[in-house]
Amino acid sequence: MRGLVESLLTLTRADEDAPIEVGRHDLGAVAAEAAETAAAGGRVSVQFVPGEHEVMATFDRERILQLATILLDNARKYTPEGGSITLRVMEDDDSVALEVSDTGTGIPEDQLPLVFERFYRADAARTAEGVGLGLSIARQIAVAHGGTLEARSKVGEGSTFTLQLPRQKSGALGQD
């Protein structure tokens, strides 16, 4: 019940355009922290693939850490024992990305666009832990940063969720 209330409060704050606290951060350091926490369970392998150097961008560190944690938690839930999760960071001239891939059960193509909806569950088998708000929260965090969160998946092969953020935030986030 506590998790549900916290998730609903997070969504409500985002709906009300609560300010985010942006600063210059290394996306790789945030990803490494999230991966270390996710690996603690030991049921599945969690591998972090760092960039060749720091992947600097302007974002709210705590919210992006929350987003990465949500993606890793989902990957752990739907990846069978002995499976693997890979977390990597990438960059180009204008943007940075954080990608979480797993060898889990996958999501049917017709249900993929719905996974970011509040309380949505792809099927009855996906009733392990949670209330169906994590991916909705993650997408709101991405949008609040001027970014995107997208999913690709194949049933029986796994899923990949990719956060894409502009390297430098717009004035709407208090940065020029």
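With which side chain does the side chain of Ser-101 make a polar contact? In this predicted model, the partner is the side chain of Thr-160, at 2.9 Å.

Ser-101 belongs to strand β5, which spans residues 95-102. The residue is buried, because its relative accessible area is 16% and the cut-off for buried is under 20%. Apart from neighbours within four places in sequence, Ser-101 is in contact with Ser-84, Ile-85, Thr-86, Arg-88, Ser-159 and Thr-160.

The sheet comes next. Strands of a sheet pair through backbone hydrogen bonds, either parallel or antiparallel. Here five strands form an open sheet with mixed pairing, in the order β2-β4-β5-β7-β6. Strands β2 (45-49) and β6 (148-154) stand at the edges with a single partner strand each, so one side of each has no neighbour in the sheet. From one strand to the next, the twist averages 15°.

In that order, β5 sits between β4 and β7. Strand β4 (residues 84-91) runs antiparallel to β5, and seven bridges join the two; Val-89 has Leu-98 in β5 as its bridge partner. Towards β7, seven bridges again join an antiparallel pair, and Val-96 has Leu-165 as its bridge partner in β7.

Strand β7 covers residues 158-166. Is this strand mostly covered or mostly uncovered? Seven of the nine residues of β7 are buried, so the strand is mostly covered. One of the pairs links Ser-153 to Ser-159 in β7. Strands β6 and β7 form a hairpin with three residues between them, and Gly-156 in the turn has a positive phi of about 85°.

Helices lie across this sheet. Helix α3 (residues 61-77) lies across β4, β5, β6 and β7, and runs at about 20° to β5. Helix α4 (residues 134-144) lies across β6 and β7, at about 140° to β6.

Helix α3 also meets another helix, α2 (residues 27-39): their axes come within 9 Å and cross at roughly 40°. The two helices are therefore oblique to each other, and α2 passes α3 in a right-handed crossing. Among the residues that meet there are Leu-27, Val-30, Ala-34 and Ala-38 in α2, and Ile-64, Leu-65, Ala-68 and Leu-72 in α3.

Methods:
Residues are numbered from 1 along each chain as its sequence is written. This is a predicted model: local features need pLDDT of at least 70, side-chain atom pairs count only at pLDDT 80 or more; totals for chains, interfaces and linings use all residues. Side-chain values use heavy atoms; hydrogens and water are left out. Helices (H or I, at least four residues) and strands (E, at least two) are DSSP runs, numbered from the N terminus. Buried means under 20% relative accessible area, exposed over 50%, partly exposed in between (1.4 Å probe, protein chains only). A polar contact is a pair of N or O atoms within 3.5 Å; within protein, one must be able to donate a hydrogen and the other to accept it, and residues adjacent in sequence count only if both atoms are side-chain atoms. Contact means heavy atoms within 4.5 Å. Two strands pair if DSSP finds at least two bridges between them. Axes are lines fitted to C-alpha atoms, for helices over the stretch in contact, and angles run from 0 to 180 degrees between N-to-C directions. Angles under 35 degrees count as roughly parallel, over 145 as roughly antiparallel, 65 to 115 as roughly perpendicular and the rest as oblique. A crossing is left-handed if the near helix is turned anticlockwise from the far one by less than a right angle, and right-handed if clockwise.
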